[in-house]
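Subject: Structure handover

Hello,

Here is the structure we spoke about. My notes on it follow below.

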Amino acid sequence: MDLFEKLLQDRGPIGQHAKDSHGYFTFPKLEGDIGAHMIFRGKQCLVWSLNNYLGLANHPEVRKTDAEAAAQYGMGSPMGARMMSGNTDWHEKLEAELSDFEKKEDTILLNYGYQGMVSAIDCLVDRRDVIVYDSESHACIIDGVRLHMGKRFVYAHNDIENLEKQLERATRLTDETGGAILLITEGVFGMSGDMGRVADIVALKKKYQFRLFLDDAHGFGTMGKTGAGAHEEQGVMDGVDIYFGTFAKSMASIGGFISSTAQVIEYLRYNMRSQIFAKSMPMPLVMGALKRLELLRTQPELKNNLWKIVNALQNGLKEAGFDIGKTQSPVTPVFLNGTIGEATKLIYDMRENYNIFCSMVVYPVVPKGIILLRLIPTAVHTVEDVNYTIDAFRKAYVKLKAGEYASDKIASF
Ligand SMILES: Cc1ncc(COP(=O)(O)O)c(C=O)c1O
């Protein structure tokens with residue numbers, strides 16, 4: 001069979017809807033400065049879809065630093081991979097400051113969070129080792145695990161009893177192979193907003209020998225007293241052996257980092273394929289990340305503002321009778337029952353008649369019949385934005401229950 005023909009036969013779980021959804025439900029274009037109010041298809045709308053948690057994307061000091069760094073260095077500098085020709089004092093300064101913030105010995109920068117996670121997992125283990133990981137892990141963890149040549153055992157999401165079973169199996173196996181165990185979980189799960197049970201996992205180190213790798217993409221900057229992450233929130237910063245954070249969420253940029261012991265970071269520097277065989281992070285991104293980190297550390301009001309909005313939104317939704325699951329973080333899911341057709345009509349109604357832009361998650365990411373509306377509050381939203389949204393949600397919920405959105409077909413726009 002011809003490969004291209006085959007691709008047309010099965011376009012994938014989301015791709016099968018592309019004809020109806022492209023440009024509206026998928027690949028929408030939000031225009032204007034990043035913030036709580038942007039333009040969608042020519043109209044102002046209230047946006048709840050961006051991981052700009054601390055509102056740094058459009059912070060004047062951030063915009064100034066980004067622009068000045070780009071003017072001084074251009075986007076090309078430095079050229080080459082870090083190991084060959086792309087290293088600078090600024091890259092090392094950012095790594096040192098991240099290590100200080102995360103209270104770890106050393107840090108390695110990553111060009112992209114996703115690819116960095118995949119590559120770090122690939123780099124850390126060999127065929128004798130066993131990976132144990134949470135069933136609701138992000139795609140970058142799943143894809144890193146796919147590269148692993150040895151065994152992998154998945155445990156039911158946040159289920160410590162089941163995790164222990166997998167650790168027992170893994171221990172038996174590594175006793176035979178002479179390998180080691182790498183346990184991977186998220187600090188904050190990006191769809192449901194619940195935290196990984198990091199403290200409970202760290203406590204298991206008394207019984208089992210393993211190293212813990214924490215993907216804290218959503219926790220970095222939002223959780224813990226200083227914003228260091230979910231491990232700080234749970235009082236176990238030392239218990240996390242390898243910590244991953246991204247610059248693509250709280251830091252409102254691109255790239256990421258891994259912090260650990262000096263020895264592990266040196267190992268990653270010399271063995272991690274995504275960094276050895278790819279160009280170094282451009283200077284404006286490095287200088288911009290330094291500015292963002294400085295603001296994150298010195299302006300606690302950014303995180304306080306975020307949490308003021310998170311609490312207002314989550315308490316308001318609960319009081320209005322909505323099911324927001326088990327979230328413990330800014331990620332705010334709203335679970336409803338309905339078909340994909342109903343979900344698209346509801347979102348269409350929200351966007352066209354209430355000027356509210358939020359994202360929906362449907363099957364296969366959540367079970368069939370469930371609609372997950374995912375709201376991301378940020379420091380630049382206001383309590384008025386929250387109240388307006390809860391009111392609109394109330395109205396949409398009444399319509400959903402009355403069957404006004406009933407349809408199996410995707411809304412046409
Ligand atoms: C848990 C988790 N890990 C990693 C990533 C990848 O981050 P990046 O956008 O920096 O590639 C994401 C982004 O969605 C994430 O949610």
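Which domains does the domain assignment give for the protein chain? This is a predicted model, and the assignment gives domain 1 (3–53 + 300–401) and domain 2 (62–298). The centres of the two, taken over C-alpha atoms, are separated by 27 Å.

Domain contact

Contact between the domains involves 19 residues of domain 1 and 19 residues of domain 2. On the side of domain 1 that touches domain 2, helix H13 (300–319), strand S11 (332–337) and strand S14 (370–375) each supply at least two residues. H13 gives the most to that side, with three residues. By class, the side of domain 1 that touches domain 2 has nine nonpolar, seven polar and three charged residues.

In soluble globular proteins, nonpolar side chains tend to be buried together. Here the largest nonpolar core has 107 residues, of which Ile 121, Val 132, Leu 182, Leu 183 and Ile 258 touch the most other members. Helix H12 (residues 283–298) gives the most to this core, with seven residues. The core lies between domain 1 (3–53 + 300–401) and domain 2 (62–298), because both give residues to it.

As for Val 132, leaving aside its neighbours within four places in sequence, the residues in contact with it are Phe 153, Tyr 155, Gln 166, Leu 167, Ala 170, Ile 181 and Leu 183.

Ligand shell

The ligand is surrounded by 14 residues, and the closest are Gly 113, Tyr 114, Ala 217, Thr 246 and Ala 248. Helix H5 (residues 113–124) gives the most to this shell, with three residues. By class, the shell around the ligand has six nonpolar, six polar and two charged residues.

Helix H14

Helix H14 (residues 340–353) has 14 residues. From its first C-alpha to its last it reaches 20 Å, close to the 20 Å expected at 1.5 Å a residue. Its buried residues are Ile 340, Glu 342, Ala 343, Thr 344, Lys 345, Leu 346, Ile 347, Met 350 and Arg 351. What covers them includes strand S2 (37–40), strand S3 (43–47), strand S12 (356–357), strand S13 (359–361), S14 and helix H15 (383–401). S14 also supplies at least two residues of the side of domain 1 that touches domain 2. Just after H14, Asn 355 takes a positive phi of about 55 degrees.

Regards

Methods
Residues are numbered from 1 along each chain as its sequence is written. This is a predicted model: local features need pLDDT of at least 70, side-chain atom pairs count only at pLDDT 80 or more; totals for chains, interfaces and linings use all residues. Domain bounds come from an automatic or database domain assignment. Two residues are in contact if their C-beta atoms, placed from the backbone, lie within 7 Å. Helices (H or I, at least four residues) and strands (E, at least two) are DSSP runs, numbered from the N terminus. Ala, Val, Leu, Ile, Met, Phe, Trp, Tyr, Cys and Pro count as nonpolar, Asp, Glu, Lys and Arg as charged, and the others, Gly among them, as polar. A nonpolar core is a set of buried Ala, Val, Leu, Ile, Met, Phe, Trp, Tyr and Cys residues joined through C-beta atoms within 7 Å. A residue is buried if 20 or more other C-beta atoms lie within 10 Å of its own, exposed if 12 or fewer, and partly exposed in between; C-beta atoms are placed from the backbone. A residue is near a molecule or strand if its C-beta atom, placed from the backbone, lies within 6 Å of it. The expected span of a helix is 1.5 Å times one less than its number of residues.
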